[in-house]
Amino acid sequence: MGKVPATEAFGLAAKDESGVLSPFRFSRRETGEKDVRLKVLFCGICHTDVCMARNEWGFTTYPLVPGHEIVGVVTEVGAKVIKFKAGDKVGVGYMLSSCRSCDICTDDQENHCPKMIMTSGGKYYDDTMTYGGYSDHLVCEEDYIIRIPENLPLDAAAPLLCAGVTVYSPLKSHGLDKPGIHIGVVGLGGLGHVAVKFAKAMGTKVTVISSSDGKRDEAINRLGADLFLVSRDPEEMKDAMGTMDGIIDTVSATHPLLPLLGLLKYKGKFIMVGAPDKPLDLPALPLILGKKMVVGSMTGGIKESQEMVDFAGKHNITADIELISADYVNMAMERLEKGDVRYRFVIDVANTMKPTP
Ligand code: NAP
Ligand code: ZN
């Protein structure tokens, strides 16, 4: 199929630091030779979308169309596209492109390429802003598109594109994906609940560390965690000291690290994926005693994103979602900020996002 003209698009955009989203019309580029055009079906609401909409990290450019947990159906492909055809069910995550030639890209870690282009709030090669998945359709280079396994429901699969790979990638790359390993998951939100599912499917023992007792029953009986700790309960935390090989911290707000570091074994790894907007206190002694490591991790590369959804397909892993209509997005963001969601909002884009007259 050849090039088609740039098309009008519509979506929801934050226009200022209030972060309030309202209808927005814009245009998408024409389908280039190596591009795939997709109709957006569903888009997850990541906590990052809230932080970006409100400029909490200080680098948001407005208008911002959020959304990087996108699932859709291919409607057009460029003349040189070989991997996808119209009708395919596909996903797009945190990035749309990268340089493809640096050491990081050749190591399949395009997400860390200095020239990586974010799906939302980035700048494309033609200097236009990138607008994310809270919109009717998207154009993306085929090399940055993920194929969704046939057996996964598309709405509940959408959060895998960010939440899924963000927790899958560090479990794999730090060797924390084997039976016999004990994983702690701090914060049972969008990222945390899929971390429990992936870690259990990898055969590890999983302990959820939550800020209150409210999610204990769901963590153990629905999500399959082995143990549950309330981080603010010193007695419970004391019993688990020195038992964990790795901890994935998904907490979105500042919180004390000292009690968490104490949970690690000798040479245990503390992996930070949550991104609070203020610095965390990192005490030195609990790291020095026991040769512990603190590392960060951001989303994942394209190869491991495909591997992650294929693994999810094999083990029937999806997110627990609350499917919402487009006109509920502002309310959903407020509820997400308050921790009032079990466990991911997903927007029913195709059925509910309509252009304003
Ligand atoms: P989320 O659904 O809001 O989950 C965050 C969880 O953190 C909450 O459910 C809550 O769990 C816990 N929490 C919140 N406030 C807390 C506080 N004051 N003290 C202790 N615990 C608290 O958010 P998400 O979408 O999973 O995202 C989590 C974080 O990861 C955000 O900062 C987001 O920006 C970041 N993120 C990073 C990447 C990456 O590539 N590194 C990718 C996506 C998102 P409990 O109720 O169990 O305590
Ligand atoms: Zn995200």
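Helices (H or I, at least four residues) and strands (E, at least two) are DSSP runs, numbered from the N terminus. The model is predicted: local features need pLDDT of at least 70, side-chain atom pairs count only at pLDDT 80 or more, and totals for chains, interfaces and linings use all residues. Residues are numbered from 1 along each chain as its sequence is written, and side-chain values use heavy atoms, with hydrogens and water left out.

The chain splits into two domains, with bounds from an automatic or database domain assignment. Domain 1 covers 7-162 + 300-348, and domain 2 covers 165-296. Their centres, taken over C-alpha atoms, are 27 Å apart. A record also bears on this chain. UniProt, in an unreviewed entry, places the feature "domain: Enoyl reductase (ER)" at residues 19-347. UniProt positions are given in the numbering used here, feature names are shortened, and annotations may be inferred rather than shown by experiment. The span 19-347 is 25% helix and 26% strand. Its end C-alpha atoms lie 17 Å apart.

The two domains touch. In the interface, 21 residues of domain 1 contact 24 residues of domain 2 (contact means heavy atoms within 4.5 Å). About 2000 Å² is buried between domain 1 and domain 2; buried area is the accessible area (1.4 Å probe) that two parts lose on being put together, summed over both. Carbon and sulfur atoms carry 58% of that area.

On the side of domain 1 that touches domain 2, helix α10 (residues 302-315) gives the most, with 7 residues. That side divides into 10 nonpolar, 5 polar and 6 charged residues (Ala, Val, Leu, Ile, Met, Phe, Trp, Tyr, Cys and Pro count as nonpolar, Asp, Glu, Lys and Arg as charged, and the others, Gly among them, as polar).

The whole structure holds 26. K172 and E307 form a salt bridge, 3.9 Å from N to O. K172 lies in helix α4 (residues 163-173) and E307 in helix α10, so the pair ties together parts 135 residues apart in sequence.

Y62 and P63 are joined by a cis peptide bond, with omega about -5 degrees. P63 lies in the loop between α1 (47-53) and β4 (70-77). Another cis peptide bond joins R342 and Y343, with omega about -5 degrees. Y343 sits in the loop between α11 (329-337) and β17 (344-348). D127 is not a glycine, yet has a positive phi of about 70 degrees. D127 lies in the loop between β7 (117-118) and β8 (137-141).

Definitions and conventions
Chains lettered and ligands numbered in written order. Salt bridge = Lys/Arg side-chain N within 4 Å of Asp/Glu carboxyl O.
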